[in-house]
Amino acid sequence: MGSQRRALITGIGGQDGSYLAELLLSKGYAVHGVVRRSSTFNTERLDAIYQDPHETHRRLFLHYGDLTDSSSLRRILTIAEPQEVYNLGAQSHVRVSFDQPEYTADVVSVGTLRLLEAIRDTGRQVRFYQASSSEMFGDNPEVPQNEDTRFQPSSPYAAAKCAAFWYTQLYRKAYGFFACNGILFNHESPRRGETFVTRKITRAATRIKLGLQEKLYLGNLDASRDWGYAPEYAEAMWLMLQQEKPNDYVVATGETHTVREFLELVFQHLGLDWRKHVEFDKRYLRPAEVPMLKGDASRARKILGWRPRTDLAGLVRIMVQADMELARKEQAAKGVGNQVP
Ligand code: NAP
Ligand code: F7E
């Protein structure tokens, strides 16, 4: 297969998968991605790659597959022969995991095991990245959380991510895999799914500004999260697989803010008073909540040389600007709403 570096990404069509694919293509990799068959397009986040004037899309290869289907994973591994595998595919919504706990466990924990086993069966040396999550710390009150903080999962999603974390460590210990867990705290961007709270807020606030929507319904405003900017987190994933030895790393900004603070910042940025537009809806509460996450990324800083570059105000600016453009397009298409310069 020659000397070109090859990577395989599960979840390539997701927020992180799309940024990671761009990063790896920019470094000269051939990038293989696993996409699920869907009745609507689920590769829109990869559109920027197809518009890249450097035609990096010529090194992008998409394969139908699923983490619940081990034969597809084996087939794709045989075709792609990757040196690096990034396992980002997941049912990643915490609230939804309470509605679909069994499915979430199948994709997130057994799916990781299926992929690790498929890699083991190839007999090839593959570097493996597992998308672990700060949700695994759950309601552990210890802050800031680092690699030694005890997991106390508060959702089926978090419990499934814990199992995947341990499988990854086990394959490192038992079979000598170069396998790393990136314990990433919340990270957002204009590509964030619209049902996660930051994007739900920036999408709604910009639509409210243009008169396309009146109200925004939210759940718990008191939860605190450590929010960073997604493209920077994709860099940390890549760095983990370039080290001499495999390890687990917390990736975070070290700052925490409540959902209410995020709301205030976004609405203020648009010259709006959130209290006039936001209403409580108990449907968005969770049977168990994670009250506060705040990460200590000292290890990533020391070993990977990684540090966050975008603070919360910067993140809000980026997301509001992108969603304002989207709302303007919607307004132009409908020919309705307020005219805002
Ligand atoms: P995302 O936008 O929800 O993307 C998840 C991707 O996984 C999508 O491409 C999705 O495909 C795919 N997927 C879902 N079920 C699958 C299955 N059965 N088989 C194969 N692929 C499947 O999530 P993200 O924010 O990019 O996060 C990437 C990873 O990091 C996830 O594992 C997430 O749990 C984890 N994580 C995220 C954060 C964060 O703050 N974003 C923090 C820590 C960890 P469809 O488009 O077809 O649904
Ligand atoms: O919720 C509260 C909600 O859904 C953040 C995933 O990427 O990050 C993400 O999980 C907070 C929670 O993200 C609404 O109760 C209030 O306290 O944006 P979220 P999350 O649950 O932190 C982690 C690190 C992952 O690994 C996950 O994959 O916001 N909240 N009102 C709301 N949340 C949502 N979604 N919708 C609301 O209306």
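Trainee: How far is an oxygen atom of ligand 1 from a polar backbone atom of Ala90?
Mentor: This is a predicted model, in which local features need pLDDT of at least 70, side-chain atom pairs count only at pLDDT 80 or more, and totals for chains, interfaces and linings use all residues. Residues are numbered from 1 along each chain as written, chains are lettered from A and ligands numbered from 1 in written order, and side-chain values use heavy atoms, without hydrogens and water. For Ala90 the distance is 3.1 Å.

Trainee: How much of the accessible area of ligand 1 does the protein cover?
Mentor: On its own, ligand 1 has 890 Å² of accessible area, computed by the Shrake-Rupley method with a 1.4 Å probe. Of this, the protein covers 89%.

Trainee: Which residue has a side-chain N or O atom 2.6 Å from an oxygen atom of ligand 2?
Mentor: Oxygen atoms of ligand 2 are also approached by polar side-chain atoms of Tyr157, at 2.7 Å, and of Arg286, at 2.5 Å. The residue at 2.6 Å is Glu289.

Trainee: From which domains does the shell around ligand 2 draw at least three residues each?
Mentor: Of the 23 residues around ligand 2 (a heavy atom within 4 Å), Ser92, Ser133, Tyr157, Arg286 and Glu289 come nearest. With bounds from an automatic or database assignment, the domains are domain 1 (6-189 + 226-251) and domain 2 (197-224 + 257-291 + 311-334).

Definitions and conventions
Polar contact = N/O pair within 3.5 Å; in protein donor to acceptor, adjacent residues only side chain to side chain.
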